[in-house]
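Work through the exercises below with the sequence and the model at hand. Each task is followed by a stepwise solution.

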Amino acid sequence: MRTVTLVWNPSVSGNAIGYQVYIRSDSTGELNNFDAGPETQLTMNLLAGHRYSFTVTAYNGAGESPPADELTFFVN
């Protein structure tokens, strides 16, 4: 296991009250989501030797934004 911190820029609209992080393991295809609240980073433990993809959405009282561009990375 490796500790990984995912970091993203805040919503440009300025009215986000929180962020949902969606992360997929390329080896299993399993998709998990995490509510990061108002923070623009999320730290988690991931398996070494695996490739992952993640994206972020912003949310507020009106709902959830479309997802940001997906980023793929490998955990050494």
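**Exercise 1: the largest pocket**

In this predicted model, the largest pocket has a volume of about 330 Å³. Task: state which residues are closest to its centre, and which strand supplies the largest share of the lining.

Solution.
1. The lining consists of 22 residues, and those closest to the centre of the pocket are Ser 11, Val 56, Ala 58, Ser 65 and Ala 68.
2. Strand E5 and strand E6 (63-64) each contribute at least two residues to the lining.
3. The largest share comes from E5, with seven residues.
4. Sorted by class, the lining has eleven nonpolar, nine polar and two charged residues.

**Exercise 2: an aromatic pair**

Task: explain why the pair of Tyr 52 and Phe 73 is stacked, and state which strands hold the two residues.

Solution.
1. A pair of aromatic rings is described by the distance of the centres and the angle of the planes.
2. The structure holds three aromatic pairs.
3. For Tyr 52 and Phe 73, the ring centres are 5.9 Å apart and the planes stand at 25°. Centres within 6.5 Å make a pair, and planes under 30 degrees apart count as stacked, so this pair is stacked.
4. Tyr 52 belongs to strand E5 (residues 50-60) and Phe 73 to strand E7 (residues 71-75), so the pair ties together parts 21 residues apart in sequence.
5. Both Tyr 52 and Phe 73 are buried.
6. Tyr 52 and Phe 73 form one aromatic cluster with Phe 54.

**Exercise 3: the largest nonpolar core**

Task: list the residues with the most contacts inside the largest nonpolar core, then name the strand that gives the most to this core.

Solution.
1. This core has 16 residues, and those with the most contacts inside it are Leu 6, Trp 8, Val 21, Ile 23, Leu 46, Phe 54 and Phe 73.
2. Strand E1 (2-7), E2, strand E4 (41-46), E5 and E7 are the elements that give two or more residues to the core.
3. E5 gives the most, with four residues.
4. In soluble globular proteins, nonpolar side chains tend to be buried together.

**Exercise 4: a strand hairpin**

Task: determine how strands E2 and E3 run, parallel or antiparallel, and how many bridges join them.

Solution.
1. Strand E2 (residues 18-25) and strand E3 (residues 31-37) run antiparallel and are joined by six bridges.
2. Opposite Tyr 19 stands Gly 37 in E3.
3. The two strands, E2 and E3, form a hairpin with five residues between them.
4. In the turn, Gly 29 has a positive phi of about 80°.

Technical notes: Residues are numbered from 1 along each chain as its sequence is written. This is a predicted model: local features need pLDDT of at least 70, side-chain atom pairs count only at pLDDT 80 or more; totals for chains, interfaces and linings use all residues. Side-chain values use heavy atoms; hydrogens and water are left out. Rings of Phe, Tyr and Trp (its six-membered ring) pair if their centres lie within 6.5 Å; planes under 30 degrees apart count as stacked, over 60 as edge-to-face and the rest as tilted. Buried means under 20% relative accessible area, exposed over 50%, partly exposed in between (1.4 Å probe, protein chains only). Two strands pair if DSSP finds at least two bridges between them. On a 1 Å grid over the protein atoms alone, a cavity is a set of points where a 1.4 Å probe fits but cannot get out, and a pocket is an open set with protein on both sides within 12 Å along at least five of seven lines; lining residues have an atom within 4 Å of a point. Grid points are joined across faces, edges and corners, and a volume is the space filled by probe spheres set on the points. Ala, Val, Leu, Ile, Met, Phe, Trp, Tyr, Cys and Pro count as nonpolar, Asp, Glu, Lys and Arg as charged, and the others, Gly among them, as polar. A nonpolar core is a set of buried Ala, Val, Leu, Ile, Met, Phe, Trp, Tyr and Cys residues joined through side-chain atoms within 4.5 Å.
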